[in-house]
Amino acid sequence: MATAIRAGASDGQETPPLYRKAGAERGRQQDVGRDELIVAATLALLGELGYDALTMSEVAVRAGVSKATLYRRWAAKPELVADAVSTIGFGLSPSYPGTSLRDDLFALVTQASACADRPHLLRVATEAARSSPALGAVLRARFVAFLQHEIEGIAQRAVEDGNAPLTACELTALTDTTAALLIYVSNSADRAGELARLENLVENVLLVLITGERRRLGSH
């Protein structure tokens with residue numbers, strides 16, 4: 001089954017992929033179903049061949065589209081792979097419980113750090129990012145863009161609950177802090193303690209930055 005292209009959206013709306021060319025750049029209206037075929041082919045070949053051996057030509061053949069169709073949508077392999085990986089991992093908006101600011105933040109960081117959907121493909125992409133600066137830069141930018149979009153939505157809900165709105169600089173700082181700490185946690189060898197680390201991140205860093213108040217001991 002083809003994988004639908006979608007990115008995280010905290011307001012229930014889908015946001016467009018970060019690197020796929022905009023409609024005006026592509027010229028005439030294109031069939032969205034072809035995007036799904038291309039993404040599915042990219043993920044399949046990534047798992048079979050790895051990033052280095054994957055080529056745009058092979059993706060086009062597997063998807064059953066012409067190379068012209070492929071290049072009208074994605075300019076190069078790093079951008080295509082980043083958008084494809086985003087459909088199975090950190091690019092997917094979590095199901096927010098809506099019970100509290102703390103619970104929504106915890107849902108976000110667990111989703112962003114776990115990427116549990118087809119983890120073998122995410123491991124392949126992560127390893128490839130270490131050896132391919134182009135892919136690494138694209139994936140990092142994609143991850144930060146996803147986090148900022150989701151955190152902005154959570155922060156807006158916090159304003160509705162009576163908290164002060166974040167400035168643009170504060171939102172950027174919060175996003176960068178979250179991204180850096182999530183990368184640190186995901187690289188830790190202590191997998192058993194990962195949830196405890198994420199809980200600590202939410203309660204003693206993110207909540208403080210959004211609300212300006214430290215959590216009272218023993219409370220959520």
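User: Why is the contact between Glu203 and Arg102 called a salt bridge?

Analyst: In this predicted model, the closest N and O atoms of Glu203 and Arg102 are 3.1 Å apart. A salt bridge requires a side-chain nitrogen of Lys or Arg within 4 Å of a carboxyl oxygen of Asp or Glu, so the pair of Glu203 and Arg102 qualifies. The two residues link distant parts of the chain, with Glu203 in helix H10 and Arg102 in helix H6, 101 residues apart. Salt bridges with shared partners join Arg102, Asp103, Glu199 and Glu203 into one network.

User: What makes Arg102 and Glu199 a salt bridge, and where do these residues lie?

Analyst: Their side chains meet at 2.7 Å, N to O, and the cut-off is 4 Å; the pair of Arg102 and Glu199 therefore counts as a salt bridge. Arg102 belongs to helix H6 (residues 101-114) and Glu199 to helix H10 (residues 194-211), 97 residues apart.

User: How do you know whether Arg102 is buried or exposed, and how is Glu199 classed?

Analyst: Arg102 has a relative accessible area of 12%. Buried means under 20%, so Arg102 is buried. Glu199 has 28% relative accessibility; this value falls between the limits of 20% and 50%, so Glu199 is partly exposed. Glu203 is buried, as is Arg102.

User: What makes the pair of Glu48 and Arg62 a salt bridge, and which parts does the pair tie together?

Analyst: The side chains of Glu48 and Arg62 meet at 2.9 Å, N to O. The limit is 4 Å, so this pair too is a salt bridge. Because Glu48 lies in helix H2 and Arg62 in helix H3, the pair ties together parts that are 14 residues apart in sequence. Arg62 has a relative accessible area of 42%, which lies between 20% and 50%, so Arg62 is called partly exposed. The structure holds 6 salt bridges.

User: Which residues of helix H3 are buried, and how do you know on which side of H3 they lie?

Analyst: In helix H3 (residues 56-63), the buried residues are Met56, Val59, Ala60 and Ala63. They cover an arc of only 100 degrees around the axis, which puts them on the same side of H3. An α-helix has 3.6 residues a turn, so residues three or four places apart point the same way.

User: What covers these buried residues of H3, and which residue follows H3?

Analyst: The cover includes helix H2 (32-49), helix H4 (67-73) and helix H5 (77-86). Gly64 follows H3, and its phi is positive, near 75 degrees.

Methods
Residues are numbered from 1 along each chain as its sequence is written. This is a predicted model: local features need pLDDT of at least 70, side-chain atom pairs count only at pLDDT 80 or more; totals for chains, interfaces and linings use all residues. Side-chain values use heavy atoms; hydrogens and water are left out. Buried means under 20% relative accessible area, exposed over 50%, partly exposed in between (1.4 Å probe, protein chains only). Helices (H or I, at least four residues) and strands (E, at least two) are DSSP runs, numbered from the N terminus. The arc is that of the directions from the helix axis to the C-beta atoms. Contact means heavy atoms within 4.5 Å.
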